[in-house]
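Me: I would like to learn how to read salt bridges in a model. Can you take me through some cases?

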Amino acid sequence: MAFPYQIQSYDQYKQVYRDSIVNPDVFWAEIAAHFQWHQKWDSVSQADMDNAESKWFSGARLNITENCLDRHLTDKANQPAILWEPNNPNENSRRLTYADLHREVCLAARMLKNLGVQRGDRVCIYMGMVPELAVAMLACARIGAIHSVIFGGFSAQSIVDRVLDAKAAYLITCDGAYRGAKEIGLKSIIDEALDQLDCIQAVVVYKRTLCQVEMKSGRDYFWQDEISKVDPKAALEESAESMDAEDPLFILYTSGSTGKPKGVVHSSAGYMVYTTYSFINVFQYKPGQIHFCTADIGWITGHSYIVYGPLCAGATTLMFEGIPTWPDAGRFWEIADKHKVNILYTAPTAIRSLMTFGIEPLQGKSLKSLQVLGTVGEPINEEAWEWYYEHIGKKNCPIVDTWWQTETGGIIISNLAGVTPHVPSYATLPLPGIHAVLLNEKGEEITEAHENGYLCIKNSWPSIIRTTYGNHERCRQTYFDQYKGYYFTGDGAFKNEEGFFRISGRIDDVLKISGHRIGTAEVENAINQHPAIVESAVVGIPHPIKGQGIYAFVVHEPDFSGSTILQDEINALLNEQIGPIAKADKIQLVAGLPKTRSGKIMRRILRKIAEGEIEQLGDTTTLLDPLVVEQIIQGRVH
Ligand code: WT7
């Protein structure tokens, strides 16, 4: 059997789970033994939850890319590591074997070194979904540089914020990117960001679309030119940097309740062990299978289940450059047939959006290769689950509903495909090594079925967040301070009689728009930059496809008129400050916001009004000005 730690039955899961909680160090040491190390660990885990400190495989030395690449060269050199499907179906797809990918990574690693990148340096990556994005990440990891991938849909301003926070001196980008019918000038967005940055020493530009770009001599270099200068023989002989188990592998920015996205830091060894373990167990990956995760690598899903998890497991991972609805809504299904995809991992929002086209786009598609389906990013409604199960899986494929977060590094609550039961809308059970509990307001563990609580984790696990870059105290306060000794997820949930978790969603000021995480404060900060706006309050509203939409209450200057222009201007601002993912669905101009006497905005009330639940506003008499509520109700945007 290929993976001795792959769980084979529900009974075995129960046994393994129990053992993993009673004796976590023994459990994880057995799994870690199946990886390649320069030096083994002195201790498996050391966790101080109160101080947000976790160390896994302390004292060990390794390079994650040797686990993703080199060790597969003996038996999988000619097996595809990455299959790449271009945006345009008429363009050729690409196939990089493990030998090819290893070579590309070694060359790119040398290129980065030639440009001055050193161990520990931060490298921001802003690229479309081309294989070179994975190559760039792995090349950084190979030389011990810390990558920070910035989602290609973020604006110049978002890039500036992330580069400055990470104190990065290097950028890797593309000339342009294709997304459906659109061509996006990534380098020109980078140029806009560079106008505000003086810390960048080198910019590497991978030529993808061959669009016109401006190159600043002495700072900007074409990837292809620099790679051609590398001596391949020498590059292949260079050894990978020997990293400490706890050396940071990457930073990935994510939104929270405050205005500023935080840089979630993951470390090398623990992240490697956990993403591989979860990949193999949740998807029940079998050697030779083709795994297609439709996420963008700019999000944690892509990091863990397009790049690191599958490659460490020696799988074939499919990367898709385009979007599900172009040239038509049958694109995913066409790709599944063309590449004989076995595991399909996507987001509820994509399923809901494809459902609106009916089953016509499925005509002529066999989907016979599919064996396992997965979802991630937000709760999946039963209707979408059933459609996915029936029309895509043909009632033959288990669906894994995988609950996790950027901070958890890998999937931590999910059924195991075909091994533990699937139940629509339930993420079901924690993975081995994860002590998931529900707490009430007082911090007591809830044992009653169907009682709502805060989802918390009572122990550390290998891929737990290590810190928020440059500000450890923020990490401690956000995740480890609410309940002593627990990791606080920010999600609400309940369990059914069988102990299966059903996640209801965020209980903080974080929105999930099409599965993308955006803080209400970030949206408000952007809106408030409009000269005619005094202040604003943003809440989430249910949206049939996106899961959640944005409802903005804005207070404008007294002498302002012209509300229709304002709508467009606000959305232009959001586009400029955050990116196209942050679009206000509804904007209501109001005279004032409901505030407490101490000046705190009562979002609970705004949320109810936005959702149209005006009968349940609760007590509004303690408000500074109870009259504003009446006015807001009158002017509600339907
Ligand atoms: C938040 C984390 C994990 C990779 C993509 C999102 C929500 C995630 C599920 C699920 C219900 C889910 C939670 C979580 N979420 N997966 N299967 N069922 N909700 O990562 O951007 O860090 O967002 O996504 O609210 O806290 P992220």
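Reply: Start with one pair. In this predicted model, a salt bridge joins the side chains of Asp-165 and Lys-260, at 3.2 Å from N to O. The two residues belong to distant parts of the chain, 95 residues apart. Asp-165 sits in helix H7 (residues 156-166). Lys-260 sits in the loop between strand E14 (248-254) and strand E15 (262-267).

Me: Is Asp-165 buried or exposed, and why is it classed that way?

Reply: Asp-165 counts as buried because its relative accessible area is 19%, and the cut-off for buried is under 20%.

Me: What is the general idea behind such pairs?

Reply: Side chains of opposite charge can pair when their charged atoms come close. Glu-237 bridges to Lys-233, with 3.3 Å between the closest N and O atoms. Both lie in helix H10 (residues 232-237). They are four residues apart, about one turn of the helix.

Me: Are Glu-237 and Lys-233 buried or exposed?

Reply: Both Glu-237 and Lys-233 are exposed.

Me: Which residue does Arg-476 form a salt bridge with?

Reply: Its partner is Asp-481, and the closest N and O atoms are 3.2 Å apart. Arg-476 is buried, at 17% relative accessible area. Asp-481 is partly exposed, at 32%.

Me: Which residues are linked in a network of salt bridges?

Reply: Glu-85, Arg-331, Glu-334 and Lys-338 form such a network.

Me: How many salt bridges does the structure hold?

Reply: The structure holds 33.

Technical notes
Residues numbered from 1 in each chain as written. Predicted model: local features only at pLDDT ≥ 70, side-chain atom pairs only at ≥ 80, totals over all residues. Heavy atoms only, no water. Salt bridge = Lys/Arg side-chain N within 4 Å of Asp/Glu carboxyl O. Buried < 20%, exposed > 50% of the residue type's maximum accessible area, 1.4 Å probe, protein only.
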